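Thanks for making the time. I will go through one structure today, starting with the ligands and ending with some backbone details.

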Amino acid sequence: MRIVQICSEAVPFAKTGGLADVAGALSKALADLGHDVTLILPLYSRFIAKCGVDVQPVGEPFEIPLGKQRVLIRLKRTQMPGSSVTVVFVDQPEFFDRDGVYQDPITKADYPDNAERFMAFNRAALEAVARLELKPDVIHAHDWQTGLVMALLEGQFRDWVPDLRRTAAIFTLHNMAFQGAYPSATMPLTGLGWEYFTWTRMECWNRVNLLKAGIVFADQLSTVSPTYSREIQTPEFGHGLDGVLHDRTADLTGILNGIDPQEWSPAADSHLPARYDFDALETGKATCKRTLQERLNLPVRGDVPLLSMVSRMTWQKGFDLIGACASRLLERDVQLVFLGNGQPEYEDLCRHLASAHPHKVRAVVGYDETLSHLIEAGSDMFLMPSKFEPCGLNQMYSMAYGTPPIVRATGGLADSVVGATPETLNDGTATGFVFRDHDPDQFWQQLDWALKLFADQPVWRRLQRAGMSRDWSWNRSAREYVALYEKALTRRVS
Ligand code: ADP
Ligand code: GLC
């Protein structure tokens with residue numbers, strides 16, 4: 001199949017979270033299955049300059065309309081490192097030559113022209129498909145930043161470009177909490193008429209809603225875990241769009257993300273001081289733990305349980321539960337490490353815990369790729385008490401690295417972690433610790449249970465090994481996406 005992926009971020013070019021991991025790894029996995037894959041991204045020149053890839057111009061520059069303005073677009077091309085995926089960049093320096101992807105990294109405020117930036121990107125991406133004559137069987141877009149692609153394809157490009165009439169349109173929902181909802185005055189920027197500004201199309205609470213545009217106009221929809229696909233059809237998780245999703249239940253599939261073994265495998269991870277697999281688990285992991293403690297200036301001790309968290313610091317991730325359980329946890333002989341940035345109150349919470357417990361807690365506020373790998377490898381337990389979690393990648397990374405996660409049973413966390421109980425420990429299926437409700441006592445019970453099991457090292461090893469031996473590769477998920485593409489194509493042709 002000829003497949004075009006359109007996304008606002010992708011590893012290794014630009015990343016703010018799991019969306020980038022998925023866009024990069026899924027594209028590579030589809031190419032590895034023999035498909036012809038082109039990934040279209042904005043050219044964030046300041047990030048891409050650091051990747052060491054050779055980016056060349058392709059095609060002629062062209063202009064697109066954006067409301068009353070015309071915007072000049074250049075296309076650039078490169079090859080995804082280690083893969084046959086072609087990457088096409090939309091180069092528009094005024095929009096994308098900035099220090100952040102969505103936000104100013106200093107003020108942490110969203111860029112005020114994000115509607116313009118991503119609406120222009122969506123139209124330019126479809127122009128690129130047409131001008132470079134990609135003739136795709138499938139166009140697959142992700143999250144609100146590319147929702148308009150689905151509406152523009154249906155409302156304009158299928159009419160204008162005969163090659164796109166039978167192209168299947170797939171839209172993946174990675175997070176319903178972010179919808180790209182803008183004032184009605186931005187409607188003319190979409191280039192679509194006001195007849196699209198209705199409740200059955202892309203209007204929601206009198207705003208242009210780009211996520212909704214993706215949901216309404218795609219042929220098939222997916223989300224990043226089976227549990228999240230059910231959750232988002234309820235008011236609690238649908239963030240106002242549960243009714244719209246309800247109407248599309250028959251076209252909505254949950255496909256669990258995978259992990260990219262080139263980036264996240266303890267046996268091949270170039271960020272680690274020692275690599276290890278199942279057989280060298282004890283020695284390799286001990287070296288990583290020592291290096292982590294040294295790097296963070298924590299007491300170097302093999303026997304102390306080291307718990308960690310690598311996360312965007314937002315309300316989604318359950319930092320309130322960390323705050324509620326911290327004093328009970330820190331009465332025990334433990335070490336606790338945080339890496340992340342985001343909402344100031346959670347950054348402050350972690351900093352405060354670190355200054356109040358200098359021998360036990362470290363908080364690294366910032367973004368650090370190498371440290372995130374060392375933390376996965378050097379910790380004993382990984383914390384993800386999320387309020388909601390569409391899929392979550394860190395719990396999978398931690399299981400692959402022999403670091404059992406402690407998670408709340410929501411979204412992809414529920415679908416990927418098997419909680420330790422006497423039965424699952426007995427039959428060898430347990431891979432971590434799971435609590436049900438967003439409740440500090442339930443979280444604490446699992447923390448306490450994990451610390452008890454850690455003291456019984458033979459049992460702990462079994463838990464680690466069960467997680468490490470599960471297949472988290474993208475191969476499985478990529479095949480599920482191919483089946484979804486085939487379903488959408490069959491419907492289009494018939
Ligand atoms: P989300 O996409 O909601 O942030 P995921 O678990 O899907 O959650 O993915 C988060 C990704 O971002 C992981 O690859 C994680 O390692 C990475 N990450 C998050 N915060 C940081 C940070 N401060 N430094 C390095 N990597 C981070
Ligand atoms: C979103 C979700 C996260 C998911 C990621 C990739 O950022 O918050 O749970 O893993 O997308 O699909």
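This is a predicted model: local features need pLDDT of at least 70, side-chain atom pairs count only at pLDDT 80 or more; totals for chains, interfaces and linings use all residues.

I will begin with the domains. The assignment for the protein chain gives domain 1, residues 2-258 + 475-493, and domain 2, residues 281-470. Taken over C-alpha atoms, the centres of domain 1 and domain 2 are separated by 33 Å. To the contact between them, domain 1 contributes 21 residues and domain 2 contributes 20 residues.

Now ligand 1. Where does ligand 1 lie relative to domain 1 and domain 2? Both domains give residues to the shell around ligand 1, so ligand 1 lies between them. There are 20 residues around this ligand, and those that come nearest are Lys15, Gly18, Arg312, Lys317 and Gly366. By class, that shell has five nonpolar, nine polar and six charged residues.

In terms of secondary structure, H1, strand S13 (306-313), strand S14 (335-342) and helix H15 (394-400) each supply at least two residues of the shell around ligand 1. S13 gives the most, with three residues.

Here are the polar distances for ligand 1. One of the oxygen atoms of ligand 1 is 2.6 Å from a polar backbone atom of Gly18. For Asp21, a polar side-chain atom lies 3.0 Å from an oxygen atom of ligand 1. On the nitrogen side, a nitrogen atom of ligand 1 has a backbone N or O atom of Gly366 at 2.8 Å. As for cover, ligand 1 taken alone exposes 560 Å², and the protein buries 94% of that.

Next, ligand 2. Why does ligand 2 lie between domain 1 and domain 2? Because both domains give residues to the shell around ligand 2. That shell counts 13 residues, of which His174, Asn257, Glu389, Cys391 and Gly392 come nearest. The residues divide into five nonpolar, six polar and two charged. Helix H1, residues 18-32, gives the most to the shell around ligand 2, with three residues. H1 is also among the elements that supply at least two residues of the shell around ligand 1.

For Asn257 the distance to an oxygen atom of ligand 2 is 2.9 Å. For Gln316 it is 3.1 Å. For Asn175 it is 3.3 Å. Taken alone, ligand 2 exposes 310 Å², and 93% of that is buried by the protein.

Now the strands. Strand S3 (residues 56-66) and strand S4 (residues 69-79) run antiparallel and are joined by eight bridges. Within that pairing, Gln56 stands opposite Arg77 in S4. How many residues does the hairpin of S3 and S4 have between the strands? It has two, and Gly67 takes a positive phi near 60 degrees in this hairpin.

There is also a three-stranded open sheet, in the order S8-S10-S9, with antiparallel pairing. Strand S8 (181-183) and strand S9 (203-204) stand at the edges with a single partner strand each, so one side of each has no neighbour in the sheet. S9 pairs with strand S10 (residues 207-209) over two bridges, in the antiparallel sense. One bridge partner to point out is Arg207 in S10, which pairs with Cys204.

As background, most residues other than glycine have a negative phi, and most peptide bonds are trans. Asn206 has a positive phi near 60 degrees, in a residue other than glycine. Asn206 sits in the loop between S9 and S10.

For the peptide bonds, Val11 and Pro12 are joined by a cis bond, with omega about 10 degrees. Pro12 is placed in the loop between strand S1 (2-6) and H1.

Not counting residues up to four places away in sequence, Trp194 touches Ser184, Met187 and Pro188. Trp194 and Ser184 are ten residues apart in sequence, with 9.7 Å between them in space, C-alpha to C-alpha.

That is the end of my part.

How values were computed
Residues are numbered from 1 along each chain as its sequence is written. Chains are lettered from A and ligands numbered from 1 in the order in which they are written. Side-chain values use heavy atoms; hydrogens and water are left out. A residue is near a molecule or strand if one of its heavy atoms lies within 4 Å of it. A polar contact is a pair of N or O atoms within 3.5 Å; within protein, one must be able to donate a hydrogen and the other to accept it, and residues adjacent in sequence count only if both atoms are side-chain atoms. Accessible areas come from the Shrake-Rupley method with a 1.4 Å probe; for residues, only the protein chains shown count as cover. Helices (H or I, at least four residues) and strands (E, at least two) are DSSP runs, numbered from the N terminus. Ala, Val, Leu, Ile, Met, Phe, Trp, Tyr, Cys and Pro count as nonpolar, Asp, Glu, Lys and Arg as charged, and the others, Gly among them, as polar. Domain bounds come from an automatic or database domain assignment. Two strands pair if DSSP finds at least two bridges between them. Contact means heavy atoms within 4.5 Å.
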